[in-house]
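Keep the coordinates open as you read.

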Amino acid sequence: MTPTDSFVRLSSEALSADIDPKGAQLSALRDRDGLDLLWNGDPAVWAGRAPILFPIVGVLVGGNYRLGSKAYSLPRHGFARDRVFSLERANPSAAVFRLSDDKETLRVYPFHFNLDIRFELSGRTLSVTATIRNRGDEAMPASFGYHPAFRWPLPYGQPRAAHFIDFAADEPDPVRRLDSAGLLMPDRQPTPIVQRRLMLQDSLFENDALILDRVRSRSVIYGSAAGPRLQVSFADAPYLGIWSKPGAHFICVEPWHGISDAEGFTGDFHDKLGMNIIAAAGAFSTTMAMSLLDE
């Protein structure tokens, strides 16, 4: 990708990052040698790079939700990734982007909000902090998720089949899967994580994402036995999605504060699985950090 004038570039001695105001999306992450760590967004495969998910994560039953006596529609992962954020402030190593409610958002999500996304590069770490502020006078339900897609394989000479994800803690609990409509299926499946390691292979993603809804780890490390690796840290995310497409050259590590509707869900939006309820004039904040680790 060649950044245009509208992109914001951050840099440190070890990394550089380009952020697109559309969706406040991290669009490039490179090491000091200029090697790309992030997926290139090839639209023939998947056009995303690191979309921001708000005000829902995943999909709704029938694409709709109920709020009291009224019904609204939202697309998969909400609308934030398709909206242009304003650049609130920036310096060579940090930038803050903001999305606020407007006539278009109020038609599909009747709440007054600010969504701030702060990117900060420090040495070998890029941190991304999301802050959702409820500007209204009633409680606001909201979900949020990160969706970064890393190169698979990483650009350090190791084959795709040699890549894995190591978890910081034991992850013995069964995992969740999505049906063909993207809804959460009720049955749990045995975890493919063995001794804290998930060996990456296409068969894992034949039925969409691998979802840890009882995740214990607060960080994972992605890479291979040789060469630098990437650590993704998420201090408080209750869900973690791992996703790719069979044969694709990306792997997504997705800390979520929210999740797809369960099959058959008919309840109010406030009661949706994984929903965060932000008090009037209150705020919700979460951070994901991506660090390039030495070999």
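This is a predicted model: local features need pLDDT of at least 70, side-chain atom pairs count only at pLDDT 80 or more; totals for chains, interfaces and linings use all residues.

Begin with an open sheet of nine strands. Its order is E7-E8-E9-E10-E22-E18-E17-E14-E15, and the pairing is antiparallel. E7 and strand E15 (197–199) are the edge strands. Each of these pairs on one side only. On average, neighbouring strands of this sheet are turned by 15° against each other, direction ignored. In general, strands of a sheet pair through backbone hydrogen bonds.

Now look inside the sheet at E9 and strand E10 (residues 125–134). Ten bridges join these antiparallel strands. Leucine 121 stands opposite leucine 126 in E10.

The largest nonpolar core has 72 residues. Phe54, Tyr109, Leu115, Ile117 and Ile165 have the most contacts inside this core. Which strand gives the most to this core? E9 does, with five residues. A second, separate core has 16 residues, including Trp39, Trp46, Leu53 and Ala248.

Stay with phenylalanine 54. Leaving aside neighbours within four places in sequence, phenylalanine 54 is in contact with His77, Gly78, Phe79, Ala80, Tyr109, Phe113, Leu115, Ile132, Ala142, Ser143 and Phe144. Phe54 also belongs to a cluster linked by ring pairs.

The whole structure holds 17 aromatic pairs. Take phenylalanine 79 and phenylalanine 113 as one of them. Their ring centres are 6.2 Å apart and their planes are at 35°, so the pair is tilted. Are phenylalanine 79 and phenylalanine 113 buried or exposed? Both are buried.

A further ring pair joins tryptophan 243 and phenylalanine 250. Here the centres are 5.3 Å apart and the planes are at 50°, so this pair is tilted. Tryptophan 243 and phenylalanine 250 are both buried.

Five of the five residues of E19 are buried. Both faces of the strand are covered. Tyr239, Gly241 and Trp243 are buried on one side, and Leu240 and Ile242 on the other.

Which strands pair with E19? One is strand E16 (residues 210–212), which pairs with E19 in the antiparallel sense over three bridges. Leucine 210 has isoleucine 242 in E19 as its bridge partner. Another is strand E20 (residues 250–257), joined to E19 by five bridges and also antiparallel. Here tryptophan 243 has cysteine 252 in E20 as its bridge partner. E19 and E20 form a hairpin with six residues between them. In the turn, glycine 247 has a positive phi of about 90°.

Finish with two charges over rings. The charged end of arginine 160 sits over the ring of tryptophan 152, at 3.8 Å from the ring centre. Arginine 197 places its charged end over the ring of phenylalanine 164, at 3.6 Å from the centre.

Key: Residues are numbered from 1 along each chain as its sequence is written. Side-chain values use heavy atoms; hydrogens and water are left out. Rings of Phe, Tyr and Trp (its six-membered ring) pair if their centres lie within 6.5 Å; planes under 30 degrees apart count as stacked, over 60 as edge-to-face and the rest as tilted. Buried means under 20% relative accessible area, exposed over 50%, partly exposed in between (1.4 Å probe, protein chains only). A charge sits over a ring if NZ of Lys or CZ of Arg is within 6 Å of the ring centre and within 35 degrees of the ring normal. Two strands pair if DSSP finds at least two bridges between them. Helices (H or I, at least four residues) and strands (E, at least two) are DSSP runs, numbered from the N terminus. Axes are lines fitted to C-alpha atoms, for helices over the stretch in contact, and angles run from 0 to 180 degrees between N-to-C directions. A nonpolar core is a set of buried Ala, Val, Leu, Ile, Met, Phe, Trp, Tyr and Cys residues joined through side-chain atoms within 4.5 Å. Contact means heavy atoms within 4.5 Å.
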